[in-house]
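Me: I am new to this structure. Please show it, then take my questions one at a time.

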Amino acid sequence: MPTENNPPVIFLAPPCNEKSDDGRTWAAHDAFGICECGSAPARYVLSNAPVPGVSLQAARANRVYVAGPMTGIADFNYPAFNAVADQLRAQGYEVENPADHGIVEGAQWADYMAYDLTRLGLCGMIALLPDWEKSQGARLEVLIAERLGMTVVNAHDLVTRENAAVPTFFKLM
């Protein structure tokens with residue numbers, strides 16, 4: 001009987017109709033490890049555990065991605081990103097802050113975006129800084145967040161609410 005410590009196992013194998021001494025075929029039974037013809041089954045353990053690297057929506061619900069303009073702003077707007085990230089962490093959120101990676105020698109806009117979009121995908125909510133709509137990157141992040149069914153919220157509203165667990169939501173586009 002399968003249990004948590006002893007999950008069900010299936011054996012997949014190429015068709016083999018060689019019969020054992022008792023008349024069973026290997027394709028119909030897992031009676032023998034290797035068939036007389038030399039074929040061996042592939043053993044697969046079945047589990048309800050999520051695939052490593054895939055985060056389910058419920059696991060992402062309390063994780064927030066901070067988005068806003070960086071290019072052309074003094075210090076890449078890191079002070080605003082960091083202030084919001086600190087306030088959200090103080091309220092118990094897990095935060096993905098693009099300012100955390102800092103400046104990477106030789107990196108271009110597309111390099112930063114490629115990395116940041118992987119971080120966005122780990123979140124259930126995106127919090128927008130002022131003037132986000134003037135940023136090509138933030139607009140792309142919002143588009144992706146909406147397509148993934150994430151909650152889109154104004155960062156200021158999220159950090160200033162008395163009950164941050166019930167943020168003010170709005171549709172952007």
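Me: In what order do the four strands form the open sheet?
Reply: This is a predicted model, where local features need pLDDT of at least 70, side-chain atom pairs count only at pLDDT 80 or more, and totals for chains, interfaces and linings use all residues. Residues are numbered from 1 along each chain as its sequence is written, and side-chain values use heavy atoms, without hydrogens and water. Strands (E, at least two residues) are DSSP runs numbered from the N terminus, as are helices (H or I, at least four); two strands pair if DSSP finds at least two bridges between them. The pairing here is parallel, and the order is S4-S3-S5-S6.

Me: Which are the edge strands?
Reply: An edge strand pairs on one side only. The edge strands are strand S4 (94-96) and strand S6 (151-154).

Me: How many bridges join S3 to S4?
Reply: S3 and S4 run parallel. Val64 stands opposite Val95 in S4. The number of bridges joining S3 to S4 is three.

Me: At what angle to S3 does H2 run?
Reply: H2 lies across S3, S4 and strand S5 (125-128). Axes are lines fitted to C-alpha atoms, for helices over the stretch in contact (heavy atoms within 4.5 Å). Angles run from 0 to 180 degrees between N-to-C directions. For H2 and S3 the angle is about 165 degrees.

Me: How many residues apart in sequence are the parts that Glu96 and Arg63 tie together?
Reply: The side chains of Glu96 and Arg63 meet in a salt bridge at 2.6 Å, N to O. A salt bridge is a side-chain nitrogen of Lys or Arg within 4 Å of a carboxyl oxygen of Asp or Glu. Glu96 lies in strand S4 and Arg63 in strand S3, so the pair ties together parts that lie apart in sequence by 33 residues.

Me: How many salt bridges does the structure hold?
Reply: Glu96 and Arg63 form a salt bridge. The total for the structure is six.
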